[in-house]
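Here are my notes from a first pass through the model. Have the viewer open while you read.

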Amino acid sequence: MEKLIPIIELLKQGKVAVDTTDVKVYEKSNTKHDNVQMLMVKLESNKYILAVGSGPLYDELTGEEVIKKGKVCSLTHENRLVLNRYFDYTVPRAFGTKVATIGLGDRLGLASPGHIETVRDRNVSPVLAQQSIRELSLTNRTMNDILDAAAFAVFQEGYEDGYGADGDHIKEESDIRHALSLGMSMITLDCSEQIDKTAEEASSETVQIEYNKLPEDIKIRYEDHYLNKTFQVNGLSLTFDNISLMRNVLLYHTAIKYMTHVYNKYISKENRPIDFEISIDETETITSPLSHFFVANELSQKNVKLVSLAPKFCGEFQKGIDYIGDLEQFEKELSEHALIAEHFGYKLSIHSGSDKFKVFPIIAKYTKGVFHVKTAGTNWLEAIRVIAKTNPSFYRKMHEFALEHFEETLKYYHVTPDLDGVQPLENVADTDLPDYMNDDAARQLFHVTYGLILTHKDDSGDYVFKDDFFKMLSKHETEYTDELVRHIGRHADMLGL
């Protein structure tokens, strides 16, 4: 801590040390509140907030007072809560339906500074804290961990334009309660377990049999509202015949009940705005425009207010690679989905949106630039690229481990990489290792094995990769930021932002 004392002395004089050998100073964090001056720095691999002054803010910050009225404060959860109390811009906020947003899930807790630099001065608002329950489990992180990392990044970068925090792909009510209690500003409700996956492929005869098992009052209500009726939606005509109505009821009736229950019990009861998103994309059932309208119309009738909805689009949105499918068909259906979303007043949401460059211009065109796109693992892949550039031998060990354990990940993710087509490590020079992150199969290999890589331990209980991985990224922080600005920036450019 002694190396930080000269900087604290300068802070007392209202100055910031720029040229330091051992300490990295984040100048954008330099801020004053009442009688307290604050600055974030990094010593070795650890970041701290330096605080000088007096008053409630100074007293509430937990840290070591190294000189009189001068503290060194670690980036703890408790200190994040202090920042939230005194600096509104460090608190997640909802963005509503009028602005484009991009989810930037950060699996490492290190990517947000690069994400902030990417979106700064663009026509998009970032959702920085975003990890699904699945990802949290696979990385041994908590919702508080992602909230802490995002808030400290916002403070570090002096970013005051607002950011969101998404309780992503939540299925259970207990997780919804927990996310809201922590201050998440967005809830993405994953309804995949309430969608009857058998109804889509069932024969007309089977649909009729299963539909007839429903209570009579439910059938009467749906038939009165939809049967043989045509709905006009921004010039789009949508008609429900007997089979299409029965099939949609079987597919979505239970899911709609759950969506409505969650909205009424939790979302509507909050005394602050919440961006409520419905996800019906985590199934094999493609959401036709007719089905999209059916779900949206039912929610509208029940006064459920959505900020965004994620259909399951035609084609494949596999992790970490570009869109696979018929672009003409996608454009036709996307245009209709966009009309439906506009009609009901919410944003269309695109999940597994990382690296879907082929369809980004189509999305931008038909949504008129107002949408939500979720990205997640692509920033992890850029971290892998940095490791490949800066520590080839370490990269090789991770690559070998990922190949050995790839099959274990298929219970969590649907990916179809041709691993036989990936260049064998022994045939690739160290200088060419970063090119693996330009190969679809290698990208997917790393995209889905992240949890195993980050949590793997040796026989003595020590992490095999995690600790060294984080030290390397800390050492090459600038390079990581540059890669994110380049790669996520390409997303923003292609989305017209």
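At roughly what angle do the axes of helix H15 and helix H16 cross, and within what distance do they come? Keep in mind that this is a predicted model.

1. On that helix pair: the axes of H15 (residues 392-405) and H16 (residues 440-455) cross at roughly 95° and come within 9 Å. An angle from 65 to 115 degrees counts as roughly perpendicular, and H15 and H16 are therefore roughly perpendicular to each other.

2. Now for who meets whom. From H15 you have Tyr395, Met398, His399, Phe401, Ala402, Leu403 and His405, and they meet Leu445, Phe446, Thr449, Leu452 and Ile453 of H16. Sorted by type, the residues of this contact are 9 nonpolar and 3 polar, with no charged ones.

3. Two of those names come back in the largest nonpolar core. That core has 146 residues, and the ones with the most contacts inside it are Met38, Phe276, Phe330, Trp380, Tyr395, Phe446 and Phe469. Helix H10 (residues 242-267) supplies the largest share, 14 residues. Domain 1 (2-74) and domain 2 (378-490) both contribute residues, so the core lies between them.

4. Have a look at Tyr395 on its own. Leaving out residues up to four places away in sequence, Tyr395 touches Ile384, Ile387, Ala388, Leu425, Leu433, Tyr436, Met437 and Phe446. There is also a second, separate core of 14 residues, with Leu39, Val41, Leu43 and Leu50 among them.

5. About the domains themselves: the assignment for the protein chain gives domain 1 (2-74) and domain 2 (378-490). Their C-alpha centres lie 35 Å apart. As for direct contact, 6 residues of domain 1 touch 4 residues of domain 2.

6. Not counting residues up to four places away in sequence, Arg80 touches Asn144, Leu147, Asp148, Ala151 and Phe152.

7. You'll find Lys368 in the loop between helix H13 (360-366) and strand E15 (371-375). Its relative accessible area is 61%, and the cut-off for exposed is over 50%, so Lys368 is exposed.

Note on methods. Residues are numbered from 1 along each chain as its sequence is written. This is a predicted model: local features need pLDDT of at least 70, side-chain atom pairs count only at pLDDT 80 or more; totals for chains, interfaces and linings use all residues. Side-chain values use heavy atoms; hydrogens and water are left out. Axes are lines fitted to C-alpha atoms, for helices over the stretch in contact, and angles run from 0 to 180 degrees between N-to-C directions. Helices (H or I, at least four residues) and strands (E, at least two) are DSSP runs, numbered from the N terminus. Angles under 35 degrees count as roughly parallel, over 145 as roughly antiparallel, 65 to 115 as roughly perpendicular and the rest as oblique. Contact means heavy atoms within 4.5 Å. Ala, Val, Leu, Ile, Met, Phe, Trp, Tyr, Cys and Pro count as nonpolar, Asp, Glu, Lys and Arg as charged, and the others, Gly among them, as polar. A nonpolar core is a set of buried Ala, Val, Leu, Ile, Met, Phe, Trp, Tyr and Cys residues joined through side-chain atoms within 4.5 Å. Buried means under 20% relative accessible area, exposed over 50%, partly exposed in between (1.4 Å probe, protein chains only). Domain bounds come from an automatic or database domain assignment.
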